[in-house]
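User: Could you walk me through this model? I'd like to start with the strands and then move on to the core.

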Amino acid sequence: MDAESTIRGYYDSLRAGEPLYPFFAREESTVKFGIGERLTGYEEVEAGLREQTETTDGWVVDSDRLVVTERDDHAWFSDDVFMAWNSLERGIRYEFETRWSGTLERRGDDADLGTDWRFVGMHVSTEGGTN
């Protein structure tokens, strides 16, 4: 699977409520910025994404402008994504127009994802947001 297919697989897993943390590199330098979060290091990313999966459902992830560049063992991407989900804790539906960007490295498929690519950095923000 190439880097673009890995990103699309991540979106599919998010929609399906499947675990997302296996898509990330198991390193202390791995980072994930979300709309309201900053997760640094694989352990924080794993814990944050586990909590997200347990406390949300009904995900919509509509990719609009995915651009991916892949070179040897590195790839980077950007995308405009409409996201929506239900908060099970608050009983609220959230909807956002977001911008995504990130970096992947080819690492080996230690999680049976069918891809060797892992995110080492991901950034999701809203227009006008400061994440």
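Analyst: Helices (H or I, at least four residues) and strands (E, at least two) are DSSP runs, numbered from the N terminus. This is a predicted model, where local features need pLDDT of at least 70, side-chain atom pairs count only at pLDDT 80 or more, and totals for chains, interfaces and linings use all residues. Residues are numbered from 1 along each chain as its sequence is written, and side-chain values use heavy atoms, with hydrogens and water left out.

User: Which residues of strand 1 are on its covered face?

Analyst: In strand 1 (residues 31-34), K32 and G34 make up the covered face, while V31 and F33 make up the uncovered one.

User: And which strands does it pair with?

Analyst: Pairing requires at least two DSSP bridges between two strands. Strand 1 pairs with strand 2 (residues 37-40) in the antiparallel sense over four bridges, and a hairpin of two residues joins them. Strand 1 also runs parallel to strand 7 (residues 117-126), with three bridges, and there K32 has M122 as its bridge partner.

User: Switching to the core, which residues touch the most other members?

Analyst: The largest nonpolar core has 27 residues, of which Y10, Y11, F24, F77, W100 and F119 touch the most other members. Such a core is a set of buried (under 20% relative accessible area, 1.4 Å probe, protein chains only) Ala, Val, Leu, Ile, Met, Phe, Trp, Tyr and Cys residues joined through side-chain atoms within 4.5 Å.

User: What is F24 in contact with?

Analyst: Leaving aside neighbours within four places in sequence, the contacts of F24 (heavy atoms within 4.5 Å) include Y10, K32, F119 and M122.

How values were computed
Buried means under 20% relative accessible area, exposed over 50%, partly exposed in between (1.4 Å probe, protein chains only).
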